[in-house]
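Dear colleague,

I am handing over the structure below, and I would be grateful if you could look through it before reading my notes.

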Amino acid sequence: MTRRVLQLAIGLWLFGFSVGLMVLADLGLPSWDVLHEGVSQVTGIPMGYVVILVSALVMVLWIPIRQRPGAGTVANLLAVGLALEATLALMSAPEHLGWRIAFMVGGVVLNGIGTGLYIGAGFGPGPRDGLMTGLARKGRSIRVVRLSIELTVLVIGWLLGGTVWIGTLLYALAIGPLAHVFIPMFTRSKIDCSKTET
């Protein structure tokens with residue numbers, strides 16, 4: 001249990017940190033973060049806190065689809081936004097294009113690792129993932145549900161002023177394969193650890 005909690009904490013921190021790197025790169029963001037950035041620009045609320053507020057609103061949508069949160073869901077709601085806010089406060093945006101590309105690519109890869117860590121810990125899905133899986137459980141195709149949600153928040157975020165560019169496409173193409181690698185990797189390591197301890 002201690003290792004799983006530590007894995008969850010590291011995964012969520014890494015996820016928020018990775019989003020911060022992509023924001024600082026200014027080369028485009030994942031669809032949900034396009035929305036977060038757009039809302040932040042319109043309202044003046046720091047982006048990390050927008051992530052927390054949007055997460056809470058998304059969880060309200062869990063009620064009619066009877067999706068139940070886990071401890072990891074609540075931790076995700078708070079930790080990702082706080083880690084993002086800390087990253088933006090402590091780091092500066094690079095000016096050289098080479099460093100911006102490095103921040104973007106590093107952010108995408110670390111996002112995949114963070115996803116694998118927190119999902120592999122087995123404490124429940126994040127607010128956005130839970131919305132997707134909850135809707136899919138009602139008989140809808142998970143691919144159609146995910147695509148519909150991602151496109152909707154992307155368009156709304158873009159209209160609000162969120163950054164859509166090459167990094168948005170890179171993330172969309174890379175996160176699936178990265179999650180495919182890292183989720184089983186960290187889920188297996190968790191199982192192996194529990195077998196060793198027993």
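This is a predicted model: local features need pLDDT of at least 70, side-chain atom pairs count only at pLDDT 80 or more; totals for chains, interfaces and linings use all residues.

Residues are numbered from 1 along each chain as its sequence is written, and side-chain values use heavy atoms, with hydrogens and water left out.

Helix α1 covers residues 2-25 (helices are DSSP runs of H or I, at least four residues, numbered from the N terminus). Just after α1, Asp26 has a positive phi of about 55 degrees.

The largest nonpolar core holds 33 residues, with Met22 and Val108 making the most contacts inside it (a core is a set of buried Ala, Val, Leu, Ile, Met, Phe, Trp, Tyr and Cys residues joined through side-chain atoms within 4.5 Å, where buried means under 20% relative accessible area with a 1.4 Å probe, protein chains only). Its largest share, 11 residues, comes from α1. A second, separate core of 15 residues includes Val58, Met59, Leu77 and Ile149.

The lining of the largest pocket comprises 31 residues, and Phe15, Tyr118, Asp129, Arg146 and Tyr171 lie nearest the pocket's centre (a pocket is an open set of points on a 1 Å grid over the protein atoms alone where a 1.4 Å probe fits, with protein on both sides within 12 Å along at least five of seven lines, and lining residues have an atom within 4 Å of a point).

With best wishes

Technical notes. Helices (H or I, at least four residues) and strands (E, at least two) are DSSP runs, numbered from the N terminus. The expected span of a helix is 1.5 Å times one less than its number of residues. Buried means under 20% relative accessible area, exposed over 50%, partly exposed in between (1.4 Å probe, protein chains only).
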